[in-house]
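Here is a short report on one protein. Look over the sequence and the structure first, then read on.

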Amino acid sequence: MRLYTYFRSSAAYRVRIALNLKGVSYESVPVNLLKGEQREAGYAAVNPQKRVPSLDIGGTTLIQSPAILEYLDEAYPEPPLLPVGAVNRAKVRAIASLIACDIHPLNNSGTLAYLKKRLGHDQAAADEWYAHWVREGFDAIETLLGPGPYAFGSKITLADVYLVPQVANARRFNVPLDAYPKIVAVDAACAAHKAFQDAAPANQPDAA
């Protein structure tokens, strides 16, 4: 199994966490987004969207982190990333969707680059754009989190897999987290788990 990844990509970070939680061995294949390697012909043949992550599972390659995470939970059911019960699963999926659909697309590298290069906004304006959408999402997530230590109790779920990379990005962009004690506590609990530690950006072979 080969994971095409970039150490700072939060979408790739999610998949690294899930692979580690499932105990699935994989080869890390770095794709440097800053150097534009995702747009080179060789990688475009792997992923026509020219983004990371991509997961080569042998015989086919999967793209888009939500689809990859669903595949991993179906193909490697232990430990499960979704809790028991339709209502509980819906609550976990809501957190994941809030991050994947509402925060991340507005704040990924392509969006921020477009704001600056095509629309003429300076770095300060781009940073405020980023912080605004993080706050919008985190305000809701803070109220939706269940009792700890993790996002929904004593077991790690898909909500944690999505939340930790988004917290890491928020910190990288200097977004204050004082208003989000539940989110910070969940992040701290996950940080003590080896699967999250090994998936962290600073611990990737392409980290620089």
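K50 is partly exposed, because its relative accessible area is 37%. The cut-offs are simple: buried means under 20% relative accessible area, exposed means over 50%, and partly exposed lies in between (1.4 Å probe, protein chains only). K50 is found in the loop between α2 and β3. Its phi is near 60°, a positive value in a residue other than glycine.

Q64 also has a positive phi, near 70°, and is not a glycine. Q64 lies in the loop between β4 (61–63) and α3 (65–75). With a relative accessible area of 38%, Q64 is partly exposed.

## How to read the model

This is a predicted model: local features need pLDDT of at least 70, side-chain atom pairs count only at pLDDT 80 or more, and totals for chains, interfaces and linings use all residues. Residues are numbered from 1 along each chain as its sequence is written, and side-chain values use heavy atoms, with hydrogens and water left out.

## Two cis peptide bonds

Which residues does a cis peptide bond join, with omega about 5°? They are V52 and P53. P53 is found in the loop between α2 (41–46) and β3 (54–56).

Another cis peptide bond joins G148 and P149, with omega about 10°. P149 sits in the loop between α6 and α7.

## Overall build

The protein has nine helices and four strands. These are DSSP runs, numbered from the N terminus: helices are H or I with at least four residues, and strands are E with at least two. Along the sequence the pattern reads β-α-β-α-β-β-α-α-α-α-α-α-α.

The radius of gyration is 17 Å, which agrees with the value near 17 Å for a compact globule of 208 residues. This radius is taken over C-alpha atoms, and the globule rule is 2.2 Å times the number of residues to the power 0.38. The C-alpha atoms fill a box of roughly 45 × 45 × 30 Å, taken along the principal axes. Take the contacts with a separation of 6 or more: residues 24 or more positions apart account for 64% of them. Contact means heavy atoms within 4.5 Å.

## Inside and surface

Of the 208 residues, 43% count as buried. The protein exposes about 10,400 Å², and carbon and sulfur atoms supply 55% of that area. Such areas come from the Shrake-Rupley method with a 1.4 Å probe; for residues, only the protein chains shown count as cover.

A86 lies in helix α4 (residues 86–107). Is A86 buried or exposed? A86 counts as exposed, because its relative accessibility is 53%. A86 and G42 are 44 residues apart in sequence and 42 Å apart in space, C-alpha to C-alpha.

## Aromatic pairs

A pair of aromatic rings is described by the distance of the centres and the angle of the planes. Rings of Phe, Tyr and Trp (its six-membered ring) pair if their centres lie within 6.5 Å; planes under 30 degrees apart count as stacked, over 60 as edge-to-face and the rest as tilted. By this rule there are five aromatic pairs. One of them is Y6 with F7, an edge-to-face pair at 5.0 Å centre to centre and 65° between the planes. Y6 is buried at 7% relative accessible area, and F7 is buried at 7%.

The rings of F138 and Y180 have centres 5.6 Å apart and planes at 85°, so this pair is edge-to-face. F138 lies in helix α6 (residues 123–144) and Y180 in the loop between α7 (158–172) and α8 (181–191), so the pair ties together parts 42 residues apart in sequence. Both F138 and Y180 are buried.
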